[in-house]
Amino acid sequence: MLPHTWRDQILKEFTPQIARLTLVADPDGLLTEEGVLAGLRERGFELIPFEDHVAFRYAYESKYRSRWDRGELTDLVVVLRAPSQELRLLPYDLLQAGRKLSFNLGDLFPNLSYPVVASLDRGDLDALYRAREQYAPGNLGDNATKDFVLRHVFGFAPEFIKEPQDLLRALLRRHYRGQRVPRILDERVIRILRETERFAKWPLEQVVPDRQAFFGFLQERWPIFLDRAAAGGTEIAGEGKPPYGLRFPGPADLPFEHDDIRVYIDTMFVEGHLSPVCHPRTDTLSRQWVAVGLRIEPQADRSRRIEGLLATLEESIPGEYARHNDWFNFARAWAELLALRHDGYVTRSPEEAEELQDLREKVDVAFLSWVNARYSGLHNHPASPPAMLHHVPREIARSLEETRHRKAALVLLDGLALDQWVVVRNVLTAQRPEWRFREGAVFAWIPTLTSVSRQAAFSGKPPIYFPGCIHNTSKEPALWTQFWVDRGLQKVEMAYRSGLGAGDLCEVGEIISHPKVRVVGLVVDKVDKIMHGMQLGTAGMHNQVRQWAEEGYLAGLLDLLLARGFDVCLTSDHGSIEAPGCGHPAEGAAAELRGERARVYPDAVLRKNVQERFPGSIAWEPIGLPDDYLALLAPGRWAFVREDERIVAHGGISLEEVVVPLVFIDRRGA
C-alpha cells in the first residue's frame, strides 16, 4: 500500500490485540472501502456491519461471542453507518466491551465541500487526497470543490472544452472507462457547457451522464461519417434529416477522424461498445482506418475483432490490488472474446486457440491472486452500486423508495455466464431493437453453487444468515418474502416463481397482473438445464443458449414485465466453464455436497484428507459462509469427474464462474 494515503489516517488506529472489540461510527462507509478492508484484514481484524439487529446478533453470538467464551483472541470491528452520537444506541453489552472510534469525510477533507466529497465513490478518494496534498487549494465552496474534483479526480475541465472534438474526447475517456460520476458533478458540467452557444443543440442531459445513451449517440452518427468519408471528406448535404432518422438530437456529423477521437473509436468497435455497419462503398472504405466499423465479411470481421481483443486484454489484466470494478470491465471484454471464439457459424484456427489458451492461463493466475487478496471484503461493500449478488435486491429496494408507484422485477437466469449473456443480448437486440441494456456485472458467491449464490441473490444477505437451507433452495421464496417484509412491504405486494423457461408465460402474466404486486422474483432455469446436459463443451453451450434465446421465450417474458411497468433487473447466480476430469474423490458419505467443481464438508479434517489427493485443489475459507460449510474447490479448470470426461460445470473460482451479468433493461426513451 502506498504511504500517506487517506486510508493511513484510518488504519493507524487499528493495532492488533489492543481490544478484542472495536465499535466504529462510520457514516460515510469508509471502512467498507476495498483498500481499507484489505488493510484491516492484513492486520488481523474482522469486520461485521451493524445493520439489522436480529441478523447481527446471530452472527455476533455464533461466530465471535462463542470464540471469546473459549478464550480465543479476536480483533473484531463492529461498524455502524451513522454519526458518532449514534453509537450509544448499540446494545449495552457491546458498549461495555468495546472501545469506540469515529471516522468521516469531513475530518479527512476539512477544506472541501462535504456534500460534494460524500457523493464520490470511495475508490475515487485516492486521486482527491493526492490532489489536495499537491495543490493545497485552501477552503473551497460547493462549486469550487466540484471544479477541483472534476479536474483532478475525473480529468474533466469543462472550461477548456471549446470544440466538438474536445467534448467528444472528454466523454469518450469517461464512458469508455466506465467512470461513475456523481449526479451533482454531471449537473455542474452540463451547466458550464450550456453557457456557450457551441453546444446548444447537443443532448448533454443524455450523453453526459448516460453511458449507453452516449454510445447510441455515436452509433447512429457513424453511418453519416462513413458517407462523408466515402465522399472524400465533403460535408453531407441535409445532415440530420431522414433517411438517417436520428433519435438523439444534436449535430449529425461528428469528427470521428480527429486523432484524439479515432484512438477510442478503434477500441470501442473491437470491444463491442459500437457495432460495425454495412455501407454501399465498402470496397473503397475498407482500405481506410474506418474498416474497423464496417461489416465486410463475417470471418474477416470476427478475426479482426479477436485479434484486437487478444491484444487489448493482454495489456489490461488487473493486478492483485486492483479495484473490483477493474475486474468487471475486464470480464465484460473477456466475455466478448469468448462469445466470438465460440461462435458456431465461423471457423477457428489452431493459432488463435493457442493464443487464447496462453491468455486464459495468465487471467486465471491474476484472478486467483486478486481473489485471495480482495474478495473477502466484498460482501461488506456498500450495496450501491452492487458488488455482490446479495447487494442486488438492496439496490432494487433503493430504487423503489424513490417513488411509491414504481415496480421492479428480478429475473435470475440460473447458470448464465457473462459470455453467454453476450450471446443472449445479441439475439434480444435483433428481436427487440427498441430495448436498451444497461450492462454491468456483479460477483457471485464462492463456491459458485446455486444453493449458495442464488439464495444470497433473493435473500439480500450473505449465506452465513441462512445456514439451515444452504444445501438446497427450498426456502428461497421465504427468504425473498422476508427481505421485502423487512422493508415495509406487505406480502400481497410481492411474488416469486421458479422453474421458468418454457411454456409458462401465461402463468407469469397472471402473477404480475395483480394490481398490488410491486416486486417479483423470477428464476429461469433453462440455461442451467442446458449446462448440466451439455456434452459438446463451451461452443455447444453457446449454440444451445442461442437457439433457446431465438425461440423467443425470454423476449416474451421481458415483454410482459415491461408492458406491466416493471423495472427489469436481469442477473445470474453463477457462470460455468468447460472442465476436464481430474478424478472422483473417494470420500464415501463424508461430503455434504458432491459438486463437479466443488465438494463441501462439515469437518476440516475430512476436507484435508481429500485435498491431499488432489494437488492444486483449494480449501476455501468460509468467507460469509457458516463455519461448518467447508468447500474444496477443484484445481485450476478441472472437475471432480472421471479423467476421461470433459463437462461444462460450475462451483469453482474462475473468472467465468464468479463474475456474472447484471443488466437493467428498459425501452429506449422510457
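**Entry 1: Met-268**

I started with Met-268: leaving aside neighbours within four places in sequence, I find it in contact with Leu-172, Tyr-176, Phe-215, Leu-218, His-273 and Leu-274. Contact here means heavy atoms within 4.5 Å. Before going on, I note that this is a predicted model, where local features need pLDDT of at least 70 and side-chain atom pairs count only at pLDDT 80 or more, while totals for chains, interfaces and linings use all residues. Residues are numbered from 1 along each chain as its sequence is written, and side-chain values use heavy atoms, with hydrogens and water left out.

Met-268 sits in helix α13. For helix and strand names I go by DSSP runs numbered from the N terminus: helices are H or I with at least four residues, strands are E with at least two. Is Met-268 buried or exposed? Met-268 is buried, at a relative accessible area of 0%. My cut-offs are under 20% relative accessible area for buried, over 50% for exposed, and partly exposed in between, using a 1.4 Å probe and protein chains only. I also checked Val-292, which is 24 residues from Met-268 along the chain; their C-alpha atoms are separated by 9.5 Å.

**Entry 2: helix α9**

Next I looked up α9, which covers residues 164-177 and has 14 residues. From first C-alpha to last, α9 reaches 20 Å, close to the 20 Å expected at 1.5 Å a residue. That expected span is 1.5 Å times one less than the number of residues.

Which residues of α9 are buried? I list Asp-166, Leu-167, Leu-168, Ala-170, Leu-171, Leu-172, Arg-174 and His-175. The buried residues of α9 pack against α10 (183-194), α11 (204-207), α12 (211-230) and α13 (259-271). One of them, Leu-172, was already on my contact list for Met-268. Just after α9 I found Gly-178 with a positive phi of about 70 degrees.

**Entry 3: Asp-301**

I then went to Asp-301, which belongs to helix α15 (residues 298-315). Asp-301 is buried, with a relative accessible area of 15%. Setting aside neighbours within four places in sequence, Asp-301 has contacts with Leu-294, Arg-295 and Ile-296.

**Entry 4: strands β7 and β8**

How many bridges join β7 to β8? I get five, between β7 (residues 494-500) and β8 (residues 519-524), and the two strands run parallel. The chain gets from β7 to β8 through helix α22 (residues 505-512), in a right-handed β-α-β crossover. Right-handed means that, with the strands pointing away from the viewer, the path from the first strand over the helix to the second runs clockwise. Arg-497 stands opposite Leu-522 in β8. I count two strands as paired if DSSP finds at least two bridges between them.

**Entry 5: a four-strand sheet**

I traced an open sheet of four strands in the order β11-β12-β14-β13, with antiparallel pairing. Which are its edge strands? They are β11 (593-594) and β13 (618-620), each pairing on one side only. Strands β12 (residues 598-601) and β14 (residues 630-633) pair antiparallel over four bridges, and Arg-599 stands opposite Leu-632 in β14.

Helix α26 (residues 604-611) lies across β12, β13 and β14 and runs at about 10 degrees to β14. For that angle, axes are lines fitted to C-alpha atoms, for helices over the stretch in contact, and angles run from 0 to 180 degrees between N-to-C directions.

I looked for cis peptide bonds and noted one joining Ser-384 and Pro-385, with omega about -5 degrees. Pro-385 is in the loop between α17 (350-374) and α18 (392-400). The bond from Ile-446 to Pro-447 is cis too, with omega near 5 degrees. I place Pro-447 in the loop between β6 (435-443) and α20 (450-459).

I also noted positive phi values in residues other than glycine. Gln-17 has phi near 70 degrees, lies in the loop between α1 (6-11) and β1 (21-25), and is partly exposed at 49% relative accessibility. Ala-136 has phi near 40 degrees, lies in the loop between α7 (125-135) and α8 (142-152), and counts as exposed at 60%.

**Entry 6: cysteines**

How many disulfides does the structure hold? I find zero, taking a disulfide as a pair of cysteine sulfur atoms within 2.5 Å. I looked up two cysteines for burial: Cys-569 is buried at a relative accessible area of 1%, and Cys-582 is buried at 18%.
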